[in-house]
Amino acid sequence: MAIQSIRASQRLDSRGKPTVQVDLKSSHGTFRALVPSGASKGDYEAVELRDGDPSAFQGNGVTKACDNVNRILGPKVIESGLDPARDLKKIDELMIRLDGSADKSKLGANAILAISMAAARAGAAAQAVELYEFLAGEGASPVNEYVMPVPFMNVLNGGDHSGNPMAFQEFMIAPTGAASFAEAVQWNAETYATLKGIVQDKYGMAATGLGDEGGFAPPIGHPEEALDLLVAAIAKAGHEGKIKIGIDPASQSFFQKDGYNLGFKTGKPNILDAAELGELYRQLLDKYPIVLLEDPFGQDDWDAFSKFNESCGVELVGDDLLATNINRVKEAVQKHACNSMLLKVNQIGTVTEAIAAAQEAYSAGWSVFVSHRSGETTDDFIADLTVGLRTGHLKSGAPARGERVAKYNRLMDIEDDLQLRKVSVRYAGASFRSAHH
Ligand code: 2PG
Ligand code: MG
């Protein structure tokens, strides 16, 4: 099945910033992909090409990336005659070669990824299978039974995603005790609505405004205030013991030369060294039903990660630390730095490289946690990716705002579809960390 045309256009993401959209046409139809964008970006991510022309979108335009699709990548991919149904990896490799840089900075990871995602969709259509089935094949994942992920929903936003004093970026609720994905979504949505009432009662109506990922962002600063709010909302909604908690402090965003500055948004420095910050995490883990901790330390703080991992009882996820990069995963495995990889496709810039990084993580006995970006689109690719790679959990923000909900709705479609087709499917539940193994 040959690709007939590839066209890129500049569109908007959920923060009103330009992003790349690609329409890829084959004899099976037209397949679209839109690329997300992070705010708390690490230095080891593939480079998102922006125009830098201050006269348009504060320099954030992506017309150069679109041109690179329309003039270079698209024509070369078409000319290669590669078939997305069989050759997705080769298509990705061709684009990596055309770019030629180590971090995709020449043609842009945003340009390359949009084609890669659209090509995966075209490949699935050519094989007459759903995208998650196609991606399961690409990842050589077991398909004797499909596993629906636990939705870790970020319902309290801080860090670079909101204007409150909170340094920690994400406080997520994880309904591990639900019986199905649909029930998990319901419990989270009920808890989110309950949380809104609690926030309003405590901090007033103005405090119910939302952060970038759809969670509330009340004027709180200490992580315990956030966790107390979550515990209260979970109990009041009737889900105590059945909804656990995950935290992503995204600590690279408040790492400075002299340590971790928990006051970075307040103008009043509150600097902790890695040992003190580790102690704070330990206290939180002892006191609250936390099952997952992401990026507790900065992207280069290997020693702090490795030390914390020695006796860490929860899932310890590397995000900025690993950047969905197979070489960083190998280094982290060797250093025993964490036990889980966050998977963000745009951190590495092609679908098949992201899958290869996930396979590396799995082969070390780790978990894989699929993630959206804070700047998202309505593209629901990661819903299929989490099912295809059998990751057992994903995060896509709050159960509110269209670009977040698009993923959860697609996952409910997938669960229904599998049940209707009488394909074996289960909800990952409490064993979300080992769903793949
Ligand atoms: C993160 C992400 C997604 P951003 O740190 O995990 O929640 O944030 O997309 O801003 O990097
Ligand atoms: Mg993160």
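Contact here means heavy atoms within 4.5 Å. The model is predicted, with local features needing pLDDT of at least 70 and side-chain atom pairs counted only at pLDDT 80 or more, while totals for chains, interfaces and linings use all residues. Residues are numbered from 1 along each chain as its sequence is written, and side-chain values use heavy atoms, with hydrogens and water left out.

**View 1. Surroundings of Lys 344.** Lys 344 lies in the loop between strand S13 (340-343) and helix H10 (345-348); helices (H or I, at least four residues) and strands (E, at least two) are DSSP runs numbered from the N terminus. Beyond neighbours within four places in sequence, Lys 344 is in contact with Asp 319, Thr 324, Ser 371, His 372 and Arg 373. Lys 344 counts as buried because its relative accessibility is 5%, the limit being under 20% relative accessible area (1.4 Å probe, protein chains only).

View 2. The loop between helix H5 (181-203) and helix H6 (223-236) holds Glu 213. Glu 213 has a relative accessible area of 2% and is therefore buried.

View 3. Domain 1 (3-128) and domain 2 (145-434) divide the chain, with bounds from an automatic or database domain assignment. Their C-alpha centres lie 26 Å apart. The contact takes 32 residues from domain 1 and 31 residues from domain 2.

Note on methods: Chains lettered and ligands numbered in written order. Buried < 20%, exposed > 50% of the residue type's maximum accessible area, 1.4 Å probe, protein only.
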